[in-house]
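I opened my notebook to look through this one. Here is what I looked up, in the order I went.

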Amino acid sequence: MDEIQRRLWKLAWPAIMGNISQTLLNIVDTIMVGHVGALAIAAVGLGGQVSWFMMPIMAAVATGSLALIARFVGAKDEENATLALEQSLYLAFLLGVPVMLFGWLFGDDILRIMGASESVVRLGYEYIKVLFAFYPIRFVSFTTMAALRGAGDTKTPMKLGILMNIINALLDYLLIFGKLGFPKLGPVGAAWASGIGITAAFLIGSYLLLSGKLVLKLKLSYSFHLEMAKRILRVGIPTMVERGLFSFYNFLYMSIVTRFGTVALAAHQVGLRVESIAYMPAFGFNVATSALVGQNLGAKRPDRAERTVYEALKMVGLFMTAMAFILIAFPRYLVMPFLSSSDPNYSEVLRLAAIYLIIVGISEIPLGWVFVLGGALRGAGDTKSPMYITAVSKLLFRIVPAYILGFGFTIPAFDLGPLTFPGFTLHGLGVIAAWIAMSLETFTTAGLLWYVFKRGKWKYVKV
């Protein structure tokens, strides 16, 4: 390994380990909820999608914080790095409160709009109400992690994440099934476990920042610095719009998947959980690339920033090749632990989820490139380009093909002068078409991000 590869790996592996712990937690969640039944999987899965719709707001502050702090650390400007951290945390909390209220007031309506049955709505809304209660703390915690990563500290977020997930997993068992005298809450217990785990990590992280034991130090002035807040949001708002578009398109996409039935939805959720294991390396290199690109630009070394991206693409390509092989070669074995053989829908969910993994396995390498290139542009402060790419690619190459190929269409016969068109009918491919469209969109997004990166304008973005 050369120096750049070593620095990438030094930052990437803690992010990968933290993501592994989060993914293992998601697996534990899904396995435990899956043993309650397909209805519970569908309810928690859709509830999680509603929660995911709020991520754009959280990402706005976190992305702006990471980009600015990376620049300040690269330029050795400790004063502004400290100020950016404080203002980021204030913004995160202020945005988390209305998000919490939104989930409480409109969570059930969103589930109905997505096409869920009333039984799924009732259970999913109970899950949502608890999950959203912790959103102000979740926003602040997420922003803290992003700020530390921008400063080059990926180990502290890893340790806090592992602690959070251990607490979450233990409480999952106790609260979902009512063990050791705890109430049996079913899927809602998973939401309580998540919230309590996040709160514990938040309290410990706050103590470490205030005690001055980390690479960043939190000095509370209890005042709002408007200029710094504007700089954070100027970088972050395009990410919010991008993630908002992504969430909206994902809402449309999940609405399409939901309309193929509860079994198809359950297979999609299980496949998604398994696939989340595969892109753990990509997430780690996303974090490492973002931080190093920002720091190198802050140090006035755009050439080194560019070389960092090339090395990250090579490294993530190797990891994702291995992950693709596993998904394609052993799909049924990867799905089985998530399902209960006593469930009457076991065989069909297993069959469909295995097909899902084969389809997405084909696009794992470009998915890794999407993570790295997107991270590089955001770390540089170029958050507009990913926004434009998301707006186009996800609509034209995921939503439209998923709907047309999934439900099919008919072109009636008509006369065109002396010629007669006999008509044509394409029978819908069902949920499999939605998965093919998702894989197609991954390839197109990777290609568009590569084009923007090669143009090189990201090297000159001012934050």
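**Entry 1**

I began with Lys76, which sits in the loop between helix H3 (55-74) and H4. I take helices as DSSP runs (H or I, at least four residues), numbered from the N terminus, as strands are (E, at least two). This is a predicted model, so I kept local features to pLDDT of at least 70 and side-chain atom pairs to pLDDT 80 or more, while totals for chains, interfaces and linings use all residues. Residues are numbered from 1 along each chain as its sequence is written, and side-chain values use heavy atoms, with hydrogens and water left out.

I noted it because most residues other than glycine have a negative phi. Lys76 is also exposed, at 75% relative accessible area. For my bookkeeping, buried is under 20% relative accessible area, exposed is over 50%, and partly exposed is in between (1.4 Å probe, protein chains only).

Tyr222 went on the list next: its phi is near 55 degrees, again positive in a residue other than glycine. Tyr222 is in the loop between helix H8 (187-211) and H9, and its relative accessibility of 68% makes it exposed.

**Entry 2: the cores**

I then turned to nonpolar cores, meaning sets of buried Ala, Val, Leu, Ile, Met, Phe, Trp, Tyr and Cys residues joined through side-chain atoms within 4.5 Å. The largest has 94 residues, and Leu216, Tyr253 and Trp435 have the most contacts inside it. Which helix gives the most to this core? I found H4 (residues 78-113), with 11 residues.

I listed the contacts of Trp435 (heavy atoms within 4.5 Å). Beyond residues up to four places away in sequence, Trp435 touches Tyr253, Ala264, Ala267, His268, Leu352, Ile355, Tyr356 and Ile359. Another core, of 33 residues, lies apart from the largest one; Leu8, Met315, Met320 and Ala380 are among its members.

**Entry 3: H4 against H6**

How far apart are the axes of H4 and H6? I get 7 Å, with an angle of about 150 degrees between H4 and helix H6 (residues 135-150). Axes here are lines fitted to C-alpha atoms, for helices over the stretch in contact, and angles run from 0 to 180 degrees between N-to-C directions. H4 is therefore roughly antiparallel to H6; angles under 35 degrees count as roughly parallel, over 145 as roughly antiparallel, 65 to 115 as roughly perpendicular and the rest as oblique.

The two cross in a right-handed way. On the H4 side I noted Leu85, Phe93 and Met100 among the residues in the contact, and on the H6 side Tyr135, Phe139 and Ala147 are included. By class the contact has 13 nonpolar, four polar and no charged residues. I count Ala, Val, Leu, Ile, Met, Phe, Trp, Tyr, Cys and Pro as nonpolar, Asp, Glu, Lys and Arg as charged, and the others, Gly among them, as polar.

Phe142 is also in H6, and it is partly exposed at 33%. Leaving out residues up to four places away in sequence, Phe142 touches Met55, Met58 and Ala62.

**Entry 4: H12 against H17**

Helix H12 (residues 302-329) and helix H17 (residues 431-455) have axes that come within 11 Å and cross at roughly 155 degrees, so I logged them as roughly antiparallel. This crossing is left-handed. Glu306, Val309, Tyr310 and Leu313 of H12 meet Trp450, Phe453 and Lys454 of H17. The class count is five nonpolar, no polar and two charged residues.

**Entry 5: a few buried spots**

Leu25, in helix H1 (residues 3-34), is buried at 4%, and its own list includes Asn165 and Asp172.

My last stop was Ile232 in helix H9 (residues 226-258), buried at 0% relative accessibility. Among the residues Ile232 touches are Ala60, Leu68, Gln87 and Leu91.

Methods:
A crossing is left-handed if the near helix is turned anticlockwise from the far one by less than a right angle, and right-handed if clockwise.
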